[in-house]
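Visitor: I have a structure open here and a few quick things to ask. Can we go through it together?

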Amino acid sequence: MSNQNLFELNQVAKRFTKGKETISIFQDLNMQIKDGDFLAIMGPSGSGKTTLLNLLGGVDQPTEGQITFDGQRIDNLSESQLAKWRANNIGFIFQFYNLMPMLNAARNVELPLLLTNLSRSERQKQVKIALELVGLSDRADHMPSEMSGGQQQRVAIARAVVSDPKFLLCDEPTGDLDRQTADEILQTLQLLNEKFGKTIVMVTHDPSAAKFAKQTVHLNKGEFVKAEELSA
Amino acid sequence: MKDLYLVYKNLTRKKMRLFLTTFAIFIAFLIFGAIMTLRGALNSGVEMSADNRLVVVHKTNFTNPLPYSYVNKTQAIEGVKQVTHANWFGGYYQEPANQVVTFAVEPESYLAVYPELVIEPEQRKAWLNNQASILVGERIALANGWKVGDRIPLSSNIFSHKEGGQTWDFVIEGIFRGAEQKTDTSYLLFHYKYFKETQSWGGDSIGWLILTTEDAAMNESVAKAIDNNFANSNAETDTSTEQAFNKAFIEQIGNIGLIIFGVVFMAFFTILIVVGNTMVLAIRERTAEIAVLKTLGFASIRIFKMVLIESCLLAFLGGLLGLGGAYLLIQGASENLARFLPNLVLDQNILLQALGYMLLLGLITGIAPAISALKLNIITAFNRG
Ligand SMILES: Nc1ncnc2c1ncn2[C@@H]1O[C@H](COP(=O)(O)OP(=O)(O)OP(=O)(O)O)[C@@H](O)[C@H]1O
Ligand SMILES: [Mg+2]
């Protein structure tokens with residue numbers, strides 16, 4: 001594991017304006033995420049966890065401050081530049097899997113590769129590898145509606161890693177799954193972190209999910225409160 | 001385009017909806033194709049008529065005959081360039097159901113008045129020289145498989161042959177083509193003289209006169225002069241331009257133009273609403289999916305295009321099926337209607353127009369949902385879901 005910072009947030013502020021009202025979510029937020037880290041973010045509902053992930057994932061932009069990824073600023077990119085940046089660097093895993101219902105597993109996994117210059121056969125090769133990684137080679141032609149929640153989330157993980165991004169963002173990836181299935185998903189994330197060097201940030205409400213991470217931070221009212229060291 | 005599979009999957013994800021919208025578009029373009037073809041057929045007679053050609057018919061009823069003497073009397077009138085005449089033969093080929101439009105005419109003057117009828121010089125000569133021969137229009141020759149040199153029996157449902165029966169035997173000496181694609185070539189011409197000599201009634205009467213004027217500007221004064229000339233005679237005349245004559249004939253069927261416009265407008269207006277509404281709903285249902293695609297890095301403009309391509313594919317799917325249906329319908333109808341509407345063809349013009357309307361339909365029904373997909377904000381979309 002290198003000690004280089006993959007992400008740096010510098011004096012970041014995020015405010016939402018609704019009509020005349022302005023809600024401040026973050027003020028003067030500083031944060032570093034090291035390359036190769038597996039970070040769990042916990043915190044009460046409304047504390048800003050998803051908002052933070054959106055900033056890290058380049059889905060949303062800070063009102064103030066700087067966000068640097070791999071030495072490059074992303075807070076001042078245009079919408080289309082950000083889209084390209086996301087495609088190249090970030091894998092997203094959502095609570096409700098968010099697969100395309102009309103596409104089978106392989107076609108779902110292929111989606112991010114449509115944004116590359118790879119040929120159809122090269123894409124298929126990579127899809128196969130990604131599905132093998134999550135243990136779903138035999139489900140390649142199954143539709144999402146024919147799969148369990150855990151299987152769908154595996155497909156989503158395969159989709160997130162298929163284009164080999166450095167960084168994975170997971171927003172409550174096990175929030176909709178039972179304990180055992182959740183553990184399997186979390187083991188897969190752990191594997192991706194340890195064996196494949198993916199840097200992972202995961203939002204979770206579940207303390208036992210957080211145990212799979214290398215470290216956990218707590219967010220409350222837009223601020224990090226002292227991270228407790230969790231002992232297994 | 002790599003996204004085409006995605007577009008295709010989106011288009012076909014709800015089979016019933018796809019079927020219903022395709023069917024609505026199918027019907028609209030079926031109507032469009034059929035009605036535009038019908039209009040083209042009705043109008044081609046008007047469009048094709050020369051602007052210095054006048055038609056003289058009996059004033060009381062255009063089916064009443066005129067005395068033969070009118071030919072020379074009309075020729076003598078100031079401003080008249082060339083007069084010819086025609087008789088309706090009421091012909092059919094082999095069976096009464098198989099009617100063929102046949103006129104008995106004075107050959108040389110008829111061809112002079114109708115320069116748009118094109119014949120090989122030798123065939124022309126052969127037809128002029130052989131009294132018992134017939135000149136056949138290309139379309140009708142093709143339809144019946146007739147060639148130059150063939151002998152064909154033609155029967156009349158009006159006249160009798162003086163040697164008994166109602167059937168005349170003709171040898172085909174020539175086949176005429178049209179100078180333009182729309183020129184009517186679905187009729188037959190034979191010698192008036194032969195007609196008079198061989199039919200049992202005898203008598204020297206003609207069906208109507210056709211004449212050209214020295215100049216189209218003189219049409220009205222010449223028409224007036226002709227009608228004045230025969231006023232207070234046994235057979236008063238009604239002279240009008242060929243264009244007006246054809247138009248009046250068509251307008252007996254009703255105000256075709258307005259009806260056609262109304263029908264086509266209603267059909268398109270309906271599908272515009274049906275398909276437009278369907279597209280809006282379809283895209284609204286996919287809000288979360290579009291947000292996911294955007295999150296993965298699909299550019300907004302790319303999703304915009306995907307929605308537009310989907311709505312255009314839908315329009316072309318239904319539209320081409322509809323045109324295909326119209327084509328089959330017209331094929332069937334034209335066999336039965338060939339003698340009334342010789343130009344019942346779904347021509348290139350209508351095809352191009354229809355393709356244009358399909359594209360327009362696709363763009364109009366797709367543009368609103370495409371724009372909302374373009375503008376869709378990832379964060380608000382997820383918050384909503
Ligand atoms: N687009 C937005 N416009 C206005 N307010 C917003 C917007 N997005 C988030 N918020 C507000 O910001 C605050 C933080 O929201 P966020 O979704 O980040 O919380 P969270 O920690 O992810 O909560 P949960 O655990 O329930 O998912 C909330 O009060 C929310 O209402
Ligand atoms: Mg959240």
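Visitor: Which residues does Glu173(B) touch, not counting residues up to four places away in sequence?
Guide: Glu173(B) touches Gln123(B), Ala126(B), Trp127(B), Asn130(B), Ser133(B), Ile134(B) and Val148(B). Contact here means heavy atoms within 4.5 Å. This is a predicted model, where local features need pLDDT of at least 70, side-chain atom pairs count only at pLDDT 80 or more, and totals for chains, interfaces and linings use all residues. Residues are numbered from 1 along each chain as its sequence is written, chains are lettered from A and ligands numbered from 1 in the order in which they are written, and side-chain values use heavy atoms, with hydrogens and water left out.

Visitor: Where is Glu173(B) placed?
Guide: Glu173(B) lies in strand β9 of chain B. Helices (H or I, at least four residues) and strands (E, at least two) are DSSP runs, numbered from the N terminus.

Visitor: And how many Å from Gln123(B), C-alpha to C-alpha?
Guide: The two are 5.9 Å apart in space, while 50 residues separate Glu173(B) from Gln123(B) in sequence.

Visitor: What about Thr185(B), buried or exposed?
Guide: Thr185(B) counts as buried, at 5% relative accessibility. Buried means under 20% relative accessible area, exposed over 50%, and partly exposed in between (1.4 Å probe, protein chains only). Thr185(B) sits in the loop between β9 (167-178) and β10 (187-191) of chain B. Leaving aside neighbours within four places in sequence, its contacts include Arg139(B), Ile140(B) and Phe176(B).

Visitor: Different thing. What is phi at Gln94(B)?
Guide: Phi of Gln94(B) is near 70°, a positive value in a residue other than glycine. Most residues other than glycine have a negative phi. Gln94(B) is in the loop between β4 (91-92) and β5 (99-105) of chain B and is exposed, with a relative accessible area of 57%.

Visitor: And phi of Asn232(B)?
Guide: Phi of Asn232(B) is near 65°, again positive in a residue other than glycine. Its place is the loop between α8 (219-229) and β13 (237-241) of chain B, and at 75% relative accessibility Asn232(B) counts as exposed.

Visitor: Over to chain A. How many helices and strands?
Guide: Chain A has 7 helices and 10 strands. Buried residues make up 52% of its 232 residues. Along its principal axes, the C-alpha trace of chain A spans about 50 × 40 × 40 Å.

Visitor: At what angle do α5 and α6 of chain A pack?
Guide: Helix α5 (residues 149-161) of chain A and helix α6 (residues 179-194) of chain A pack at about 15°, with their axes 10 Å apart. Axes are lines fitted to C-alpha atoms, for helices over the stretch in contact, and angles run from 0 to 180 degrees between N-to-C directions.

Visitor: Which residues meet there?
Guide: From α5(A), Gly150(A), Gln153(A), Arg154(A), Ile157(A) and Val161(A) meet Thr181(A), Glu184(A), Ile185(A), Thr188(A), Leu189(A) and Leu192(A) of α6(A).

Visitor: Last one. Is Ala209(A) buried or exposed?
Guide: Ala209(A) counts as buried, at 0% relative accessibility. Ala209(A) is in helix α7 (residues 207-210) of chain A. Not counting residues up to four places away in sequence, Ala209(A) touches Thr174(A), Arg179(A), Leu186(A), Met202(A) and Thr204(A). The C-alpha atoms of Ala209(A) and Gly175(A) are separated by 9.6 Å, with the two 34 residues apart along the chain.
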